[in-house]
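Please open the model in a viewer and keep the selection panel at hand. The stops below are given in the order in which they may be selected.

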Amino acid sequence: MTCPGSQPISDNCVSIGPFVLLKSVCCPVLLMGQGIGCPEKSRKSELALNQSMRKEEDGEEHREEAVERGAQQLRALRGVADLNNGAIGLYNMGLSCCLNSLLQVFFMNTHFTMILRRIRVPIGHAEQKESVPYQMLLLLEQMQHSKQRAVYPQELVRCLTVHNLKLFVQYDAAHLFLSLWNLIKNQITDRELADRLTTLYTIWVQEYLVCQKCSFETRRDSNMVTLPLPMFNARSQRLKTLEDSLHCFFQPEQLTDNNMCLCEQCERKTPSVQGMRLTCLPQTLTLHLKRFCYRKSSWTQKISYSLPFPQSLDFNQILTQEQFHPDAKEKVSWDDVKCTYGNSHFNWGETAYLLVYMRKNPQ
Ligand code: ZN
């Protein structure tokens, strides 16, 4: 994810390999001079919403069967494009461009929207206005059914403001993603649905420490929602590709001299090797490129150089060759994405922050 603004999106995921990149291709939509029309929501929208939720429940088993049979294989297997042809875009409101891009990425993920469509609708008006998942659901309905060219996410933005995510603030994409994700998860009252959301996004890793004297290993399982990937290696050299960055992230580190740790077995401080293993990948993998480095005091510097990323990632090999699938149904071609995000001639397109990959074969 890189950029400001948003536009109507379509089934623009390409497939090849176990993980495919979910792209949100955006361009600035700045229509701030226009009046903000009254959104088409309230009773009508809620009725449509409830109907679609019932349909969702009734039809879920049929849809899964259809996936099994291979019907609509491209769309279902990738789990993308709930906002398929005909869905409209979002207007930018007070630096909401980053938010708009994130919303589109969420809404394109049918695994996510299936969860969203099953949430329990808050009963009271006040509760509805403050419920992030409910407001997202209303917005999704508007984007799919409104006759307008695009919609303002004003109700959702108001709701987020209540939860301290304010307008006219330039957010770091990863920070905003995590804040939004946590709000959604914490406000879903159905425990099973909240667990499904957690499973959908959570990356499981195992941190380990191996004593170099006795080989005793200590392990600790932990998890995260985004994988924070470095732009430089341990010797401050620029990493050239996403695969390099992944490789660097999982590279073990030697702890010697002042960095030695206490070994339970040796009962003293010994040289050791510290590292992290990937133990479980989620259906939706979010990679966070750490594009800020911290200098003196609180001053930060943006690392704006381009880092090429592949169309698919095969974690069995960590490093994969980019492949091309001739049958891929692309509205937006892979070449377009490469051009947009990796070409220095486009000033706004060279600094991707978040890369969202989808597992090609659902678990
Ligand atoms: Zn030891």
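Select Cys266 first: its relative accessible area of 22% makes this residue partly exposed (buried means under 20% relative accessible area, exposed over 50%, partly exposed in between, with a 1.4 Å probe and protein chains only). The model is a predicted one, in which local features need pLDDT of at least 70 and side-chain atom pairs count only at pLDDT 80 or more, while totals for chains, interfaces and linings use all residues. Residues are numbered from 1 along each chain as its sequence is written, and side-chain values use heavy atoms, with hydrogens and water left out.

For four tetrahedral donors the ideal angle is 109.5 degrees. Cys214, in the loop between β4 and β5, and Cys266, in the loop between β8 (261–263) and β9 (268–270), are 52 residues apart and link distant parts of the chain. Cys214 is partly exposed, at 29%.

Next, select Gln254 in strand β7 (residues 253–255) (strands are DSSP runs of E, at least two residues; helices are runs of H or I, at least four; both are numbered from the N terminus). Gln254 is exposed, with a relative accessible area of 55%. Its C-alpha lies 6.1 Å from that of Ser272, 18 residues away in sequence. Residues up to four places away aside, Gln254 touches Ser272 and Val273 (contact means heavy atoms within 4.5 Å).

Move to helix α9 (residues 191–201), where Leu193, Ala194, Leu197, Leu200 and Tyr201 are buried. Viewed down the axis of α9, these buried residues fall within an arc of 120 degrees, so they line one face of the helix (the arc is that of the directions from the helix axis to the C-beta atoms). They pack against α3 (97–108), α4 (110–116), α8 (173–187), β4 (203–211), β5 (217–224) and β11 (284–289). On the face turned away from the buried side of α9 are the exposed residues Arg191, Glu192 and Thr199.

Finally, select Ser179 in helix α8, which counts as buried at 19% relative accessibility.
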